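Work through the exercises below with the structure open. Each task is followed by a solution in steps.

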Amino acid sequence: MTLTAFPSPPPGADYDDLRQEVRGFLAEELADFPPEKRAESWNGFSRDFSRKLAQRGWVGMTFPKEYGGHARSALERYVVSEELLAAGAPVISHWIADRQSGPLILAKGTEDQKRAIVPRIAAGELCFCIGMSEPDSGSDLAATRTVATEVEGGFRVNGTKVWTTYAHVADYMILFCRTGKSDDRHGGMSQFLIDLKATENIQISPIIDLGGEHHFNQVVFDNTFLPSDALLGEQGEGWSQVMSELAFERSGPERFLSSFALIEELIRLLRKDATEAQQAEIGRLSAHLMVLRQMSRSVAGMLNEGKNPALQAAIVKDLGALYEQDIPRLARSLLSRPAVPGGRDSYAAVLAYTELAVPSFSLRGGTREILRGIIARGLGLR
């Protein structure tokens, strides 16, 4: 078996001044934000809030200045991300674009693509969605069936994407699909940058989750024409590109802080008179959180050094989803209070929302079964 290292982040990477600046901003901006809204975590949508963050230089932090960014480190971006998530700020409007779409365009895009798109991401103006998973293959991207056939002037795309978060309001999608045949299961794939507002023959249909919320969508491409300049990166190199993109998607603090509002509510109620057994469970929960945080910060350090920690990111995603999904069960074991959607009791409302949200945590970013296959291969076990 191959051992996998999670090196410590570089020393001096706490950035306390930046952390306090972000906390002060959030305390003011979210002063009237109720716990049940904070429970939405990074699924909360507000273009205005994303623009305010951008005005402070907290979107596109790692992007080069020539493309509207701020040339700051991945570890500084991590501090801002962590504070936004801990506060339950509504960030999804810019989150995907800032986290993975912008870095991918900077790494693989043409100069025209970079100059047209990246400054608008850094300004908090663009919302991106991810065109990866499909109905018949889920997170097994090698089984992708959506096809882009080369025609005069571009490509015709046919196929379906699913679990496409916020596609119904997104400005752009980065699509992963087949553009050719290959004996290699990972060959013949490419990526495209799609303007969802200007492209015809794309049908976006809602998938309503257990809580009655509309985050997910099904996206159908019906002989959709994409011009040649929509190709992102090299034709046929989609697999290596998407794997590098997923290192950004799977490793951040959103992979273990999505249930943080419930942790806060639980500690608030237990703080004064917790039993020894309750204190022990909260201690265990906190210890697990600190381990996940250290692993995630390690990945941020590797990304900052230009490495591709795809294996480590998959491990963080898998362990983080297990942690997040277990918090409602733990809360019920410690407090015998019912979950009440939309009630006056903030704990009951947060518990109700989180219980209905957690099943999706092991879907988004890659299903548990696919992730564990990636991890097993990376460790030399299969």
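**Exercise 1.** Determine the handedness with which α9 passes α10, and describe their packing.

Step 1. α9 passes α10 in a left-handed crossing, a crossing being left-handed if the near helix is turned anticlockwise from the far one by less than a right angle, and right-handed if clockwise. Helices (H or I, at least four residues) are DSSP runs, numbered from the N terminus.

Step 2. In this predicted model, local features need pLDDT of at least 70, side-chain atom pairs count only at pLDDT 80 or more, and totals for chains, interfaces and linings use all residues. Residues are numbered from 1 along each chain as its sequence is written, and side-chain values use heavy atoms, with hydrogens and water left out.

Step 3. The axes of α9 and helix α10 (residues 310–334) are 10 Å apart, at an angle of about 160 degrees. Axes are lines fitted to C-alpha atoms, for helices over the stretch in contact, and angles run from 0 to 180 degrees between N-to-C directions.

Step 4. α9 is therefore roughly antiparallel to α10 (angles over 145 degrees).

Step 5. Contact means heavy atoms within 4.5 Å. Among the residues that meet are Leu285, Leu289 and Leu292 in α9 and Val316, Leu319 and Tyr323 in α10. The contact residues divide into 15 nonpolar, five polar and four charged; Ala, Val, Leu, Ile, Met, Phe, Trp, Tyr, Cys and Pro count as nonpolar, Asp, Glu, Lys and Arg as charged, and the others, Gly among them, as polar.

**Exercise 2.** Find how α8 and α9 cross, and which residues meet.

Step 1. The axes of α8 (residues 260–270) and α9 (residues 276–304) come within 12 Å and cross at roughly 150 degrees.

Step 2. The two helices are therefore roughly antiparallel to each other, and their crossing is left-handed.

Step 3. Phe260, Ile263, Leu266, Ile267 and Leu270 in α8 meet Gln278, Ile282, Leu285 and Leu289 in α9. This contact has eight nonpolar residues, one polar and no charged.

**Exercise 3.** List the buried residues of α8 and what covers them.

Step 1. Buried means under 20% relative accessible area (1.4 Å probe, protein chains only). In α8 the buried residues are Phe260, Ala261, Leu262, Ile263, Glu265, Leu266 and Leu270.

Step 2. Their cover includes α2 (35–38), α4, α9, α10 and α11 (346–357).

**Exercise 4.** Is serine 73 buried or exposed?

Step 1. Serine 73 lies in the loop between α3 (47–55) and α4 (74–87).

Step 2. With a relative accessible area of 13%, serine 73 is buried.

Step 3. Not counting residues up to four places away in sequence, serine 73 touches Tyr15, Thr62 and Asn304.

Notes:
Angles under 35 degrees count as roughly parallel, over 145 as roughly antiparallel, 65 to 115 as roughly perpendicular and the rest as oblique. Buried means under 20% relative accessible area, exposed over 50%, partly exposed in between (1.4 Å probe, protein chains only).
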